[in-house]
Each structure stands twice: as structure tokens, then as C-alpha cells.
Amino acid sequence: MTVYSLLSKEWAKSLNSAVTEYKIYAPLVKSSSADYELITAETIAEVAYDCLLPVTPLKAFFFPIRENVVKKQGEEKRVIIGARNCDLVALSLLDAVFLDEDFVDPYYKNRRDNTIIIGSDCYAIKETCHCTTYGVEPYSEINFDLSLSFADEKMYIRVGTDRGRNFLDSLNISGRQEIDKLPEDILGKRENTRQLLAEQNKELPDREETKAIIAKTDDAFWQEYAKTCVSCGACSVICPTCHCFLLIDREKFEKIKQWDACQYPAFERVAAGEDPLKKLSKRLKNRYECKYIHKPGMFNVIACTGCGRCIEACIGKISKNEVIIAARNKD
């Protein structure tokens with residue numbers, strides 16, 4: 001994989017020209033949290049490359065909360081900077097669903113085809129981060145066009161695709177140099193992040209053990225943990241892999257595709273009012289089974305990448321990790 005080194009200030013300067021051709025989204029920090037915002041020439045200097053995980057999952061750029069799917073879509077050229085690996089790995093599941101060769105979603109495909117994804121290393125972690133427990137590294141591995149690593153005033157860029165290389169070449173960055181591999185200080189920073197994650201999550205079982213744990217839980221266990229759940233669906237909508245949606249017909253030839261969530265009441269209600277997930281505890285259990293059993297079995301990809309957003313978003317203060325550990329220790 002090709003690697004380039006350059007001064008960080010040269011990268012920022014090059015983005016000034018790119019904002020006239022692309023819509024560029026990157027994390028900005030406001031009120032102690034970071035989230036993606038549309039970048040202008042005036043805000044390029046405010047991009048937070050070393051921030052913690054952005055609030056919004058990457059999926060929202062390709063699978064929006066709500067859209068009219070009978071309206072012709074333009075081919076908007078976009079660049080997303082700062083995607084973390086937990087979000088990049090999650091794209092594999094979304095691609096498997098929306099780019100299935102027999103049922104391609106043209107809206108999703110159009111966005112994927114016209115978006116350059118630039119990943120970024122994680123050098124700090126939140127209390128809820130647990131990616132490495134599930135085999136996801138804290139740096140870009142897949143589904144990126146370019147990936148950024150930082151040390152002092154220098155930036156290192158890995159090229160993941162021809163699309164990424166073409167974009168990088170178009171920037172005409174002054175002082176860019178091709179190098180053999182990432183320097184030791186970058187590798188050291190990555191290893192430090194791994195160690196922080198390993199120590200923080202040392203009691204959390206891996207993917208396969210979690211699958212076995214969830215499979216043997218009984219109804220009483222989920223009834224206990226469902227007591228504080230309010231069916232708000234925050235855990236699902238904030239998840240980078242959740243992709244359930246409704247199709248709603250409206251006037252004036254509108255057909256709206258809108259996010260749905262398995263925690264909502266009546267999520268599985270069918271004709272005559274039958275609802276296999278009518279009980280809140282069954283909906284809660286279904287979410288865990290979907291993440292660790294059903295989706296991996298159907299698509300051969302992981303459905304929880306350890307981003308921890310669901311833990312932060314839960315109004316009922318239900319920690320997925322605490323639930324899994326409690327289920328393991330139950331016997």
C-alpha cells in the first residue's frame with residue numbers, strides 16, 4: 001500500500017482548492033463532542049483530526065434518515081474526512097444489504113460511487129469504545145479511499161483505492177513524498193491505543209463467546225434489563241450497522257424511505273395484529289441476537305464494531321457491555 005508523508009499545513013492548504021469542487025465533511029468540536037459538518041474555506045483550520053469518535057455514524061451519509069425514493073437523485077461529489085475504523089468496517093454490512101447484486105439500492109450506490117472516504121487513526125478512546133474486542137483495529141483497515149495518520153506537524157497518507165489516489169493527485173500537494181512504510185512513532189501511537197482498549201475491556205468477551213452467551217440467555221434475564229428501556233430506538237439509529245427502514249407512501253407520488261428500529265413498539269407487527277416482538281424484553285433480546293447471531297450468519301460480516309455509541313445514547317442507561325458480562329456471569 002502506497003504511503004506518503006507531508007506537512008499537515010500543506011494538507012490543509014490543499015483542501016482550500018478542493019472545497020470549490022467537492023462538498024467536504026469533517027469533524028468539528030463543539031461543546032466537548034465532535035461531529036461531521038460541511039467544511040468551508042473559513043473552517044478548514046478548525047477540522048479536528050485528533051478528536052474522539054464523531055457522534056454521527058458514517059452510515060448517515062449513504063443511508064439518510066429520510067428520503068423520497070421516487071425522486072431523481074443528482075450525482076453530488078463529496079469527501080468525508082475523519083471516518084473511524086469502527087464505521088468503515090460497518091460499511092461492509094451496509095454494502096452487503098444495499099448493494100446485493102439482485103436488489104441494488106440505486107440511491108445508496110450513487111452516494112457510495114460519488115463519495116471519497118478518508119479514514120483517520122484513533123489515538124484516544126472513550127469509556128465506551130471496545131472495537132479491538134471484536135477484532136476491529138483503531139485505524140483504517142478496509143472501505144477507505146485514503147487514510148490519515150498524524151505525528152507532530154506531519155501527516156501520513158495511505159492510499160486505499162484508485163479513487164483515493166486520483167483525488168490526492170488532484171490536490172497537487174507541495175512537498176508530498178512517497179515512503180516505504182509508516183514511521184515507528186505512528187505504529188507506537190497505534191499500539192498505545194490498542195493497549196488502552198485492551199485494559200479498558202479486559203472483562204468483555206470476544207465476538208464468538210458473546211454469540212454463545214446471548215444464545216443461551218432466558219426470558220427472565222431480558223425482562224430484568226428491559227425495565228429501564230423506553231423503546232426510544234436511540235441504540236439502533238445511532239448504530240453504524242443498523243439498517244432497518246420503512247417505506248411510506250404519501251401524496252404527490254412520494255415514497256419515503258425512513259429509518260426504523262427494532263426497539264420501537266409494533267416493529268414486527270403483521271396482519272391481524274400478530275406481533276412476535278410485542279414484549280419489550282423480546283425486542284431487547286432480538287437486538288442482541290441480531291448483532292451477534294442473525295446478521296453475522298446471514299452476511300458473514302460483523303454487525304457490532306464496538307463503537308460504543310449505543311451505550312452513550314441509551315436513555316435508560318443500559319450498557320450493552322455490562323449486559324453481556326452479566327449474562328456470562330449469570331451461571
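**Entry 1: ground rules**

I count as helices the DSSP runs of H or I with at least four residues, and as strands the E runs with at least two, numbered from the N terminus. The model is predicted, so I keep to pLDDT of at least 70 for local features and 80 or more for side-chain atom pairs, while totals for chains, interfaces and linings use all residues. Residues are numbered from 1 along each chain as its sequence is written, and side-chain values use heavy atoms, without hydrogens and water.

**Entry 2: the 8-stranded sheet**

I started with the open sheet of 8 strands, whose order is β3-β2-β5-β6-β7-β8-β1-β9 with mixed pairing (strands pair if DSSP finds at least two bridges between them). β3 (33-39) and β9 (177-179) are the edge strands; each has a single partner, so one side of each lacks a neighbour in the sheet. On average, neighbouring strands are turned by 30° against each other, direction ignored (axes are lines fitted to C-alpha atoms, for helices over the stretch in contact, with angles from 0 to 180 degrees between N-to-C directions).

Next I looked for the helices on this sheet. Helix α1 (residues 8-18) packs on it and touches β1 (3-7), β2 (23-30), β5, β6, β7 and β8 (154-159); contact here means heavy atoms within 4.5 Å. The direction of α1 makes about 95° with that of β1. Helix α5 lies across β7 and β8, and runs at about 95° to β7.

**Entry 3: strand β6**

How many of the 6 residues of β6 (residues 115-120) are buried? I found 6 of the 6, so the strand is largely enclosed by the rest of the structure (buried is under 20% relative accessible area, exposed over 50%, partly exposed in between, with a 1.4 Å probe and protein chains only). Thr115, Ile117 and Gly119 point one way, and Ile116, Ile118 and Ser120 the other.

I then followed the pairing on both sides. Strand β5 (residues 78-83) runs parallel to β6, with 5 bridges between them; Ala83 has Gly119 as its bridge partner. Strand β7 (residues 146-151) is also parallel to β6, joined by 3 bridges. Here Ser120 is partnered by Leu148, and Ile118 by Leu146.

**Entry 4: the 3-stranded sheet**

A further open sheet has 3 strands in the order β4-β11-β10, with antiparallel pairing. Its edges are β4 (66-68) and β10, which each pair on one side only. The twist averages 20° from one strand to the next. I count 3 bridges between β4 and the antiparallel strand β11 (residues 254-259), and Asn68 stands opposite Ile256.

**Entry 5: helix α3 and Arg111**

Arg111 sits in helix α3 (residues 106-113). Is Arg111 buried or exposed? It counts as buried, because its relative accessibility is 14%. Tyr107, Tyr108, Asn110 and Arg112 of α3 are buried as well. Their cover includes β4, β5, α2 (85-98), β6 and α4 (162-171). Beyond its neighbours within four places in sequence, Arg111 touches Phe61, Phe62, Pro64, Glu67, Gln73 and Arg78.

I also checked the start of α3. Asp105 caps its N-terminal end, with a side-chain oxygen 2.9 Å from the backbone nitrogen of Tyr107.

**Entry 6: His243**

I placed His243 in the loop between α8 (234-237) and β10 (245-250). This residue is buried, with a relative accessible area of 9%. A polar atom of the His243 side chain lies 2.9 Å from the backbone oxygen of Thr241. Its side chain also makes a polar contact of 3.3 Å with that of Lys295 (N or O atoms within 3.5 Å; within protein one must be able to donate a hydrogen and the other to accept it, and residues adjacent in sequence count only through side-chain atoms on both sides). Leaving out neighbours within four places, I list Phe63, Leu93, Leu94, Val97, Phe98 and Lys295 as contacts of His243.

**Entry 7: the largest cavity**

I take a cavity as points on a 1 Å grid over the protein atoms alone where a 1.4 Å probe fits but cannot get out; lining residues have an atom within 4 Å of a point. The largest one is lined by 31 residues, and Cys235, Arg287, Tyr288, Cys310 and Ile311 lie nearest its centre. The elements giving two or more residues to this lining are α8, α9 (280-299) and α10 (309-313). Which element gives the most? It is α9, with 5 residues.

**Entry 8: an exposed residue**

Last, I looked up Glu184 in helix α5 (residues 184-200). Glu184 is exposed, at 57% relative accessible area.

Note on methods. 1 Å grid on protein atoms, 1.4 Å probe; cavity = no way out; pocket = protein on both sides within 12 Å on 5 of 7 lines; lining within 4 Å.
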